[in-house]
Amino acid sequence: MHLGIILCLVISEVSSAVLDQRPSGKSSWTGKLLVVPMDGSHWTGVKAVAEEMGRRGHTVIVVIPEISMRLGPGKHYITKTFPVNYELDLLNEILTEHVRVVTSPGQSLLKSMTSTAAIFIKIFNMMVSTSESLFKNQELIGFLREQNFDAVLTDPALPMGAILAYNLSVPAVYMLRGMPCGIDAAATACPDPPSYIPRFHTQNSDRMTFSQRVLNFFVSILEPLICKFVYWPYEEVTFNFLQRDVSLTEILKTGAIWLMRYDFNLEFPKPLMPNMQLIGGINCEIGNPLTKVSITFILTT
Ligand SMILES: *[C@@H]1O[C@H](CO)[C@@H](O)[C@H](O)[C@H]1NC(C)=O
């Protein structure tokens, strides 16, 4: 039920945004959606939307690398894969290492931080190389260009889909939990006052003491620098593909809708722009009716 309601919301948001641009838009009109997903847990919600849009008669094309953890075909959408220059072994190796780091007990903070960072860099390099493989795949890019999509659905945390949408000049719908280092606020010009919006890793809440605010303020000043560092490997890939210098912030600025998977059990309230919609429940399991046993239990207690 819950998922159903959220899907309806998502779909009406997406389709109204697309329909707005067509004066003769009819409700029976079905459009073409390109989905460029991110691997791992991010795929769960995106796959649900891709399936539902396909089920409702839209043409949905999902573009994924040949090698991935969880990405794969579905019932109601078309899958287009592209080759990458790494093997499944590498992916498995990184994952095994990640599990080992997470589960090995008694590590010092420094040790666990450095090994986590090392794995993060490996994964990130792999993702950058995935983007490169897609952008260099002229045949697939040409095919996608010919499709005249009405929208692109993607998670911008790894900006492959965002860059592609920018190049195809198709409105982008971002679905995300958040972006590192406040680049989302910069791209949407969303108010983001450090006086009560806690920054990553500071462990601050939305109510801070003076010293916490000072720390928060300094982290907020450093954020653009951290972002530059984190997304630096994408700069060359973006330049090679677009054939000119466009910053990631500029690309993200063109996003039409931001669907935020916020859950206020994990997040503090903060300002949002009108094109940001909260869809936090999208990863929730669909509710089933209670069993007889549990109803009896509830009634008798
Ligand atoms: C898209 O990419 C092509 C080739 O890589 C480039 O020539 C073109 O200028 C790009 N278009 C935009 C809008 O960035």
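**Ligand shell and fold**

Tutor: By class, the shell around the ligand holds two nonpolar, three polar and no charged residues. Here Ala, Val, Leu, Ile, Met, Phe, Trp, Tyr, Cys and Pro count as nonpolar, Asp, Glu, Lys and Arg as charged, and the others, Gly among them, as polar.

Student: Which residues are around the ligand?

Tutor: Asn-167, Ser-169, Phe-241, Leu-242 and Gln-243. A residue is near a molecule if its C-beta atom, placed from the backbone, lies within 6 Å of it.

Student: What kind of model is this, and how are residues numbered?

Tutor: It is a predicted model: local features need pLDDT of at least 70, side-chain atom pairs count only at pLDDT 80 or more, and totals for chains, interfaces and linings use all residues. Residues are numbered from 1 along each chain as its sequence is written.

Student: How many helices and strands are in the protein chain?

Tutor: The protein chain has 11 helices and seven strands. These are DSSP runs numbered from the N terminus: helices are H or I with at least four residues, strands E with at least two.

Student: At what angle do the axes of H4 and H9 cross?

Tutor: Roughly 0°, and the axes come within 10 Å. That makes H4 roughly parallel to H9, a label for angles under 35 degrees. H4 covers residues 109–136 and H9 covers 232–242. Axes are lines fitted to C-alpha atoms over the stretch in contact, with angles from 0 to 180 degrees between N-to-C directions.

Student: Which residues meet there?

Tutor: From H4, Phe-124, Asn-125, Val-128, Ser-131, Glu-132 and Phe-135. From H9, Pro-233, Tyr-234, Val-237 and Phe-241. Contact requires C-beta atoms, placed from the backbone, within 7 Å. By class, this contact has seven nonpolar, two polar and one charged residues. Phe-241 is also one of the residues around the ligand.

Student: New topic. Is Val-102 buried or exposed?

Tutor: Val-102 counts as exposed, because it has 12 C-beta neighbours inside 10 Å. Val-102 lies in helix H3, residues 88–103. Its C-alpha atom is 9.6 Å from that of Ser-115, 13 residues apart along the chain.

Student: And Thr-96, where does that lie?

Tutor: Thr-96 lies in helix H3. With 10 C-beta neighbours inside 10 Å, Thr-96 counts as exposed.

Student: What share of the protein chain is buried?

Tutor: Buried residues make up 30% of the 301.

Methods
Parallel < 35°, antiparallel > 145°, perpendicular 65-115°, else oblique. Contact = placed C-beta atoms within 7 Å. Buried ≥ 20, exposed ≤ 12 C-beta atoms within 10 Å, placed from the backbone.
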